[in-house]
Structures are given as C-alpha cells and as structure tokens.
Amino acid sequence: MTVKPGPIPCSEAVRQLWDYLDHAVTPEDQEKVEQHLSFCRSCCGELEFATQLRGFLASQGAEELPSHVKARLERFLADL
Amino acid sequence: MEVQDRTRESFQRLASAELPALYWLARRLVRDGAEDLVQETLLRAYRSYGTLRQDTAAGPWLKRILVNVFRDQLRRQARSPEELPVDQVEDFSLYQTLIEQDPLPYSDTLHHDYLQAFAKEDVREVLLRLPELYRAPLVLRYMDGFATKEIARLLDVPLGTVLARLHRGRKRFEQELWAYAQETGLLLKGTVP
C-alpha cells in the first residue's frame, strides 16, 4: 500500500519551486509540490513567475563585444 | 580518434570565437576587472591547451577555467564569507510584492512587464548587489547553464552548500530586483512596455 504524502504549506511549496523546475527534488517532494499546486492558486502563480524569472535570467546572454574591448582582447590573444 | 590541432594559431582561433561569452560571464561575476579576468583565463587556458580534448568543447572548457581564475581571485582577497541569515531572505516574494504594490497599474501582464523594464545593464547592477557567494552560483546555474554538481566542483564547495546558496541567492536577487527599481525610478523611465 502506498501512503499519500501529507499536504505541505505554501512556504514549503514555494521554497521548493525552483528545485522542482530543475527536477532536483525527490519523487516524494515532487508529489508533495504537485499536490499543493493542485489546490493552491497563489503558488501556481509563484510557479509561473519562477518560470518567467528563469527565462529572464537565461535571456541575459552574451552580446557583441564593445569594439575597444574586442580590440584589446584580440591583441592580447595575438601576443600569446 | 581524430587528432586535434594544438598550435598557437588554433588556440587563437578557438579562443577568439569565445571572447564574447567569456567577457560577459566575467562582467556578471565581477564589478571591475572583467577584462583582466578574461586575460588571465586566456593565459591559463593556453598553458593547458593540450588538455582540451575536443574543439567543440572549447566554450565550456574556457568558461570553467574562467570560474577557476575567479575562485582563485576570491581566495586571494580572503574576504570573510557574507552568508545571509535564512530569515533575512526567506520571507520575501517578488511575485506577491508585485501583486500587493501593483507598480504597473495599467499592465495586464504585470510580472512579465516588470521584468521587461530591466535592461541588461540593470540586471548586472542587481546581480552585483549580491554577495559573491550567492552571485556566482546564480550566474553559473541560470545564466550559463552549468549543472549544480559542476558548480560545486568548480567553486570547491559541497553540493548542499551550492543548493543552499542558490536558494538564498534567488531570494536575494528577487529582493534586489524590487529594491533597485524603487531606488532608481526604473519604472518611471518610460522603458516599460
């Protein structure tokens, strides 16, 4: 017989959301978080925002180098 | 097995293509001295060029070396760690704060629009407000895509420590996203969609 996990409070669910999105929680914790999300609209909002924030961070990638920086680093490379 | 070209010219070619990624990573890790960090990385990488197995792995290889150089710099500075008390960061939720304070009353997509108000330089300034202990794992995990186990190895700390710092770093980052916008009047600058 499998024992259903007990409910967790919002604070615990929110604490685990990023790890949940990272697939870095145990199967038991995953079930607890999903159970909580199944009835908590506020934490669903937190989850959606966590997803947005992750995408926002990932979008801050590299751009073109400023020309003066590029010139200096290329010169440094050439002098190796 | 394919023989890899390990000449000075091939190093220059590989490294040159990775300069933007290295420079922007360095800029997120340090306020000043990003170029120095990249130069030290290039020197160290060139000395150990023979250890690079595949040219296709040059990007991650160079980034790992950069993180090693960064870590060594931190150690040389020998500053005392700035661990944050859990309760100082645990209670803050940017998601809830935005709902309660409603800084963009005409927005139908409040949380999305709030984030879009931040230009890349603003995000960098917010990141630089975080103690290095928290900033480095956050940058490496969520901006450069390193796995948590690799971050633990690169920063030479236990995995549990990385996970705890990621958690506190995220919370602190949310706090600073809010504080920075308040202090700089970011939302009044007409950058909001």
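**Note on a predicted two-chain model**

1. Start with a loop. B:Asp102 sits in the loop between helix 5 (94-101) and helix 6 of chain B. This is a predicted model. The phi of B:Asp102 is positive, about 40°, although the residue is not a glycine. Is B:Asp102 buried or exposed? B:Asp102 counts as exposed because it has 11 C-beta neighbours inside 10 Å, and the exposed class takes residues with 12 or fewer.

2. Now the fold of chain B. Chain B has 10 helices and zero strands. Along the sequence the pattern reads α-α-α-α-α-α-α-α-α-α. Of the 193 residues in chain B, 33% are buried. Take the contacts in chain B between residues at least 6 apart in sequence: 71% of them join residues at least 24 apart.

3. Next, the domains. Chain B is assigned domain 1 (8-77) and domain 2 (86-188). The C-alpha centres of these two domains of chain B are 25 Å apart. Where they meet, 11 residues of domain 1 of chain B contact 13 residues of domain 2 of chain B. On the domain 1 side, helix 1 and helix 3 (58-77) of chain B each supply at least two of the touching residues. Helix 3 of chain B gives the largest share of that side, six residues. By class, the domain 1 side has four nonpolar, one polar and six charged residues.

4. Look at the core. The largest nonpolar core holds 57 residues. Which residues have the most contacts inside it? They are B:Leu22, B:Ala26, B:Val38, B:Leu62, B:Leu66 and B:Val139. Helix 1 of chain B gives the most to this core, nine residues. Both domains of chain B take part: the core draws at least three residues from each of domain 1 (8-77) and domain 2 (86-188). In soluble globular proteins, nonpolar side chains tend to be buried together.

5. Leave out residues up to four places away in sequence. B:Val139 then touches B:Arg28, B:Leu29, B:Leu127 and B:Asp144.

6. Helix 2 of chain B is worth a check. This helix has 14 residues and reaches 20 Å from its first C-alpha to its last. That is close to the 20 Å expected at 1.5 Å a residue. In helix 2 of chain B, the residues B:Leu37, B:Val38, B:Thr41, B:Leu42 and B:Ala45 are buried. Why do they lie on the same side of helix 2 of chain B? They do so because they cover an arc of only 135° around the axis. The cover over the buried residues of helix 2 of chain B includes helix 1 and helix 3 of chain B, together with helix 4 (67-78) of chain A.

7. Helix 3 of chain B passes the length test too. Its 20 residues should span 28 Å at 1.5 Å a residue, and its end C-alpha atoms are 29 Å apart, which agrees. Buried residues in helix 3 of chain B are B:Trp61, B:Leu62, B:Lys63, B:Ile65, B:Leu66, B:Val67, B:Val69 and B:Phe70. B:Lys63 is on that list, and lysine is classed as charged. The buried residues of helix 3 of chain B pack against helix 1, helix 2, helix 8 and helix 9 (148-155) of chain B.

8. Then the contact between the chains. How many residues does each chain bring to it? Chain B brings 25 residues and chain A brings 26. On the chain B side, helix 1 (8-29), helix 2 (34-47), helix 6 (110-116), helix 7 (120-128) and helix 8 (132-143) each supply at least two residues. Helix 1 of chain B supplies the largest share of that side, nine residues. The chain B side divides into 14 nonpolar, seven polar and four charged residues.

9. Finish with two loop residues in chain A. A:His23 lies in the loop between helix 1 (10-21) and helix 2 of chain A. The phi of A:His23 is near 55°, a positive value in a residue other than glycine. A:His23 counts as exposed because it has 7 C-beta neighbours inside 10 Å. A:Ser38 is in the loop between helix 2 (27-37) and helix 3 (41-58) of chain A. A:Ser38 has 9 C-beta neighbours inside 10 Å, so it counts as exposed. A:Ser38 and A:Ala62 are 24 residues apart along the chain, and their C-alpha atoms are separated by 38 Å.

Notes. Residues numbered from 1 in each chain as written. Chains lettered and ligands numbered in written order. Predicted model: local features only at pLDDT ≥ 70, side-chain atom pairs only at ≥ 80, totals over all residues. Contact = placed C-beta atoms within 7 Å. Helix = DSSP H or I, 4+ residues; strand = E, 2+ residues; numbered from the N terminus. Domains from an automatic or database assignment. Core = buried A, V, L, I, M, F, W, Y, C linked by C-beta atoms within 7 Å. Buried ≥ 20, exposed ≤ 12 C-beta atoms within 10 Å, placed from the backbone. Expected span 1.5 Å × (residues − 1). Arc of directions from axis to C-beta.
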